Amino acid sequence: MGQTHWGWLVAIYLFLGGMGAGSLLTAAVVELTGERYKHAFCPTTLIGAGVSGPLVIIGSLLLIFDLGAGKMEPWRIIYMFTHFTSVMTWGIWLLTLFIPVSLLYGLMEIMDNYPGILAWLRRFLKFLPATLPYRSIRRVLAGVGAVLAVGVAIYTGILLSVVRAVPLWHTPLLPLLFLVSAGSTGMGLTIDLGATIAVPDVARRFHALPIIHIVLIGLEAVLIGLVLAVAWLQGGVAAESARLVLMGPNAVIFWAFVVFPGLFYPFVVHAYAIGARRHGFISGILSGAGIVIAGLFLRYLIVFSGIPVAL
């Protein structure tokens, strides 16, 4: 039986933190490569920049309350900023920097797409100029936000990998897996799912999209395989954790909610898109939804399949 100390709230935090970071990364790449400016309306940057901050905020609140201090003694949260040898402190500083940058980036995207917001704000904030250099501001925020997003995505894996008492988690492969998964779920949410609904032929704008998806899917599959193989070869509770995932009580979730929707189906869809030189509307949406769902259940499996060493 896997550990029971960390529950669903932690799994959802890891998922939302990774997807929020991946969404900003996707928007930042589209912004910094200039792809955003080839079209009058770019739903990818609007969605990616707009959702990244709120997703990470919701996830962070869930983590704080799961730790207990947020419910019983919320003033103790301030001490989490000062223990610089603690991974928790590294993470809380990353989140503290990432959240305002991502929120400001999202606000700039929304205000640029809906100019009436700035005019409305100027009714109360007279010091605001009539126009803002949105492009210059966004490029700075996208660059800074992308660096912080990589840190946030990796941190969600480090948070588990430093726990020596759970061998399945205690591997440097886990932060890499969560970073790749964050990029994959971010693209799945912002392009395949969100942007495709807003602009059905949006995939035509990103000719390299199927190849990038296949590379990320391949990397994620290899990293998942390595994490489980290393655990299996360690023996003991580590091997028992891998058995739980592959053929034990959690196997149905692994094959039905991670492998099929998040790896197999998107791989087939994007391989077909490369051959056919086109991307189907429905298959694109289903691929995005599958990748997002798999991202959540991957973290669920990692959290709940970790068996602690008996003391």
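Here is a short walk through a predicted model, from its nonpolar cores to a network of charged side chains. Local features need pLDDT of at least 70 and side-chain atom pairs count only at pLDDT 80 or more, while totals for chains, interfaces and linings use all residues. Residues are numbered from 1 along each chain as its sequence is written, and side-chain values use heavy atoms, leaving out hydrogens and water.

Let's start inside. A nonpolar core is a set of buried Ala, Val, Leu, Ile, Met, Phe, Trp, Tyr and Cys residues joined through side-chain atoms within 4.5 Å; buried means under 20% relative accessible area, exposed over 50%, and partly exposed in between (1.4 Å probe, protein chains only). The largest such core has 73 residues, and Leu14, Trp169 and Phe254 are among those with the most contacts inside it. Helix α6 (residues 134-161) gives the largest share, 11 residues; helices are DSSP runs of H or I with at least four residues, numbered from the N terminus.

Now for the charges. The structure holds 8 salt bridges, each a side-chain nitrogen of Lys or Arg within 4 Å of a carboxyl oxygen of Asp or Glu. Arg36, buried at 9% relative accessible area, pairs with Glu109 at 2.8 Å between the closest N and O atoms. Glu109 lies in helix α4 (residues 87-113) and Arg36 in the loop between α1 (8-32) and α2 (43-67), so this pair ties together parts 73 residues apart in sequence. Arg36 also meets Glu31 at 3.7 Å, and Glu31 is buried at 0%. A further bridge joins Arg36 to Asp112 (3.7 Å, N to O), with Asp112 partly exposed at 27%. Together with Arg138, these residues form a network of salt bridges.

Methods
Helix = DSSP H or I, 4+ residues; strand = E, 2+ residues; numbered from the N terminus.
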